[in-house]
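Thanks for coming, everyone. Please take a moment to look at the sequence and the structure before I walk through a few features.

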Amino acid sequence: MKWSETGVKTLREVPADTALPSHALLVRGGFIKKLSSGLFTYGPFMVRAIQKFENIVREELNKKNCVEILMPMVQPKEIWEQSERWELYSDLLQKMKNRSGQEFCLGPTHEEAISDYVKNNIKSYRDLPFCLYQIQSKFRDEIRPRFGLMRAREFIMKDAYSFDLDEEKAKKSYEKMRSIYQAIFSRLGVPFRVVKADSGEIGGDQSEEFHILADHGEDELLLTDSFAANKEVCPVFSSPEASTVKSTDELEEVHTPDIKTIEQLSRFLKVPESSLAKILFLSCCFPSGEIKNIAVLLRGSDELNLYKLKKCLKLEKEPVFLTDVEIKKMSGANPGSCGPVGLSIPVYMDRELKTLSSLITGANKDDYHVKNVVPERDFKVQSVGDFRYAKEGDMGLDDQSLRSCRGIEVGHVFYLGDKYSKKMDVFYLDQKGKKQTVKMGCYGIGITRTVQAVVEQSHNKDGIIWPVAIAPFSVHICLLDPNDKKTVEWANNLYQSLQEKKVDVFLDDRDEKPGVKFKDADLLGFPLRVNVGARDGKAGLMELIERRTGKREKLSFDKVLNRVLEVINMSF
């Protein structure tokens, strides 16, 4: 491809509406252009990077006998009602009606559609197992689309679905897909980790995320050399020793005027936040459908993890915090002065509090706290558990300290079981003619999100540094003297020779100054640059520059081609 044929213009200034380096670089390099909030047009360079990544995904899936299909992006309301997600997923669904009044949505995911597709094709145990996948656009009506392709409304995704006879075989399919993902992301040539994760709205009881590591990643990861988890789900592995000494002192009220926060209380009482107890009030919808208010007690220095609480209580939906008015009605005091003593609702306690001989809590009386509070003596504990967020410095499963880093989620694997197949009537007849529910798994990779994540992980102050695997072009030829016939001839000869060798080559043939071309070459970030100019040309030389290392070497015309091929092959 020649620059004069692309219509691409680069930008010198960082666009005002870009917050991440990768977003800014992709806009400045003409890779993407915003059409509307969360909607982007992909330029010719971006299309090539996307296609290269899609090819990697297809190659690895096809190796393991996964079969590609393509489902509609527009989906009818009926199948979403059947799975009971029409209302549950409502905030993200872009809903519409056709001229006949039938309701549809743009597909944010395809569990319902794939279930509808396969259910009439599965009759007996002989029809299983198999795995289907597609690469297609999705649409999620994000409330706040941001960071370019990281959280766009429309995006390209690979989603795959496995179908098995039973849980044991389905778990094997899950592990097979997990290994495929390992192979896919290993080919990108950028650091990534597999982490334990929450299943979210997709559901199921086992899931892992694949994260490309990057300083500006959306998610905080906690990891050791052999363990990794999203902070949202990371367990606290250490089992704190319960205090063998419990206070025998009577409750003591302390006047704490205008104290609203744990930080203020810590300063006022001159005790660390970890020695204080804070209480949070939530409304929970239990599996029976009953809605109850509960209280959760934890150290003042810790943060409540709603995922853990939801899992412990087996809730269908995430608990909701009560309002200040509701808290006042429940406890008799405003937030900041509340505690567990005298409450009529269930109190759940984080296990870290067992290490304290007594607690300092709110007195359920405005501007007062109470000392010497002893669980079970002064209030009933409904349950003790791991309800807090793990944090850097906690011990991991392998007795190493957890360390924190940032990651960008680019892939997710789920074991679904019969969550969808039961509701969507996906059954088979076993060897005894008995009806059984098909066990499913689903597996997603954000194609466009991954491409930007690679840029976020691999760039410097001058621009993108593409890995060869998904670089739009492997070689960038800078024609430095476009008005010199001999130089044009040398550049075109190299361009044609590389094309004959099946090398993806880009020729900057614009009538621009060398300095402009050098800046644009760094901005675009293709792995190798070859400078072809009249001055070096007269000596029979061209300059070869590696984008990642900055290494430069001048080579004779007859050696440039072989050296380019050598460097590209070394990069895979």
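Which residues lie nearest the centre of the second largest pocket? Keeping in mind that this is a predicted model, the answer is His 23, Val 27, Lys 33, Lys 34 and Phe 40, which belong to a lining of 25 residues. The elements that contribute two or more residues to that lining are α1 (21–28), β1 (32–36) and β2 (39–42). The space in the pocket comes to about 400 Å³, and by class its lining contains 11 nonpolar, 8 polar and 6 charged residues.

Let me turn to the aromatic rings, where a search of the whole structure returns 20 pairs. In one of them, the ring centres of Phe 45 and Phe 506 are 5.3 Å apart with the planes at 90°, so this pair counts as edge-to-face. The pair connects helix α2 (residues 44–63), which holds Phe 45, with strand β28 (residues 505–508), which holds Phe 506, across 461 residues. Phe 45 is buried, at a relative accessible area of 0%, and Phe 506 is likewise buried, at 0%. Phe 45 also pairs with Phe 526, and because the centres are 5.8 Å apart and the planes at 80°, that pair is edge-to-face as well. Phe 526 sits in the loop between α11 (514–524) and β29 (528–532), so its pairing with Phe 45 in helix α2 ties together parts 481 residues apart in sequence. These three phenylalanines, Phe 45, Phe 506 and Phe 526, belong to one aromatic cluster with Trp 3, Phe 31, Trp 466 and Phe 473.

Finally, as regards charges over rings, the charged end of Lys 171 sits over the ring of Tyr 415, 4.8 Å from its centre.

Notes: Residues are numbered from 1 along each chain as its sequence is written. This is a predicted model: local features need pLDDT of at least 70, side-chain atom pairs count only at pLDDT 80 or more; totals for chains, interfaces and linings use all residues. Side-chain values use heavy atoms; hydrogens and water are left out. On a 1 Å grid over the protein atoms alone, a cavity is a set of points where a 1.4 Å probe fits but cannot get out, and a pocket is an open set with protein on both sides within 12 Å along at least five of seven lines; lining residues have an atom within 4 Å of a point. Grid points are joined across faces, edges and corners, and a volume is the space filled by probe spheres set on the points. Helices (H or I, at least four residues) and strands (E, at least two) are DSSP runs, numbered from the N terminus. Ala, Val, Leu, Ile, Met, Phe, Trp, Tyr, Cys and Pro count as nonpolar, Asp, Glu, Lys and Arg as charged, and the others, Gly among them, as polar. Rings of Phe, Tyr and Trp (its six-membered ring) pair if their centres lie within 6.5 Å; planes under 30 degrees apart count as stacked, over 60 as edge-to-face and the rest as tilted. Buried means under 20% relative accessible area, exposed over 50%, partly exposed in between (1.4 Å probe, protein chains only). A charge sits over a ring if NZ of Lys or CZ of Arg is within 6 Å of the ring centre and within 35 degrees of the ring normal.
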